[in-house]
Amino acid sequence: MVIFSDSELSNLYESSSYVQIARYISQGKIQVPLYTSSYTWGERDLLNYLEYLQSGVQKMSILLACAKIRIPSKRFPREIPEKPGRELTPFVKDVRYVLDGYHCLQSLYLAWYGFYMGKRVYFKINALNNEDRFYLLKSSNNIPNIYKRLGDIKSSTSLSSSYIFDQMRENISDFHANFKNFIRCTVNVIYFDESHPNDRTLRILDQMPDKRIIADRIRRFKVELMRASLQQEPQNGPTPQ
């Protein structure tokens, strides 16, 4: 298997903060193969994952595929439940396809740009440590000023000095640290060609309980590549002599 780091394969992923990953998704540079199952996380799953990212305990890790042949794919939907036909993909250069981490990426994208069940994700800037949650889903009506869309959270330097403002300043600072200012997402890219990844590599992955699903997804991607390759071959027979 040929696995390149982000900087070795493409300058798309030289820096991988969460906000940058969400931006790449918005630009269509990371896409979802059409065979991928639909988003199945519930509201609590989505919010819990954002709380986990906010904690900074562990980086997000995703696995992408790169190939010269394009396979049927779509942009990440901005709305869940997904509206059929709304995210059909125009041509985008240098596409990477999701092999592992779809639900994590979709959750991040929804939090930054989208809607879940008609609601948007907000960050509660005055949440108290160990007593409250930072993230919540709300409709767009009558939003208190303490709830901020992720793209609207500005620097905390303008806040005056008091206990509650000190807490708000800490919350905002942690948000910027975890989502915007530092590399938090580990991006691995597998380059697919005629010989990679090979069967021996897949057999090794099959022997590792936590990697079997990766082997299955690689096999499925290779099948899609083969189908796409056959469709691109000339449909006419040999030229008459």
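In the predicted model, S107 is located in helix α4, which spans residues 102-113. The relative accessibility of S107 is 0%, so this residue counts as buried, the limit being under 20%. Beyond residues up to four places away in sequence, S107 is in contact with Y39, W41, L46 and Y49.

The ring centres of Y39 and W41 are 6.2 Å apart and the ring planes meet at 55°, so the pair is classed as tilted. Y39 is buried at 10% relative accessibility, whereas W41, with a relative accessible area of 24%, is partly exposed.

Y39 takes part in a further aromatic pair, with Y102; this pair is edge-to-face, with 6.5 Å from centre to centre and 85° between the planes. Because Y39 belongs to the loop between β2 (30-33) and α3 while Y102 belongs to helix α4, the pair ties together parts that are 63 residues apart in sequence. Y102 is buried, at 8% relative accessibility. Both Y39 and Y102 are members of a cluster linked by ring pairs, which consists of Y39, W41, Y49, Y52, F76, Y102, Y109, Y113 and Y116.

An open sheet is formed by three strands in the order β9-β8-β10, with antiparallel pairing. The antiparallel pairing of β10 with strand β8 (residues 120-124) extends over two bridges. F123 has K148 in β10 as its bridge partner. Helix α3, which comprises residues 43-55, packs on the sheet and touches β8 and β9. The direction of helix α3 makes an angle of about 145° with that of β9.

Elsewhere in the chain, Y24 is part of helix α2, residues 18-26. The relative accessible area of Y24 is 13%, and this residue is therefore buried. The C-alpha atoms of Y24 and V95 are 9.8 Å apart in space, with a separation of 71 residues in sequence.

Technical notes. Residues numbered from 1 in each chain as written. Predicted model: local features only at pLDDT ≥ 70, side-chain atom pairs only at ≥ 80, totals over all residues. Heavy atoms only, no water. Helix = DSSP H or I, 4+ residues; strand = E, 2+ residues; numbered from the N terminus. Buried < 20%, exposed > 50% of the residue type's maximum accessible area, 1.4 Å probe, protein only. Pairing = 2+ DSSP bridges. Contact = heavy atoms within 4.5 Å. Axes fitted to C-alpha atoms, helices over the stretch in contact; angles between N-to-C directions. Phe/Tyr/Trp six-rings, centres within 6.5 Å; stacked < 30°, edge-to-face > 60°.
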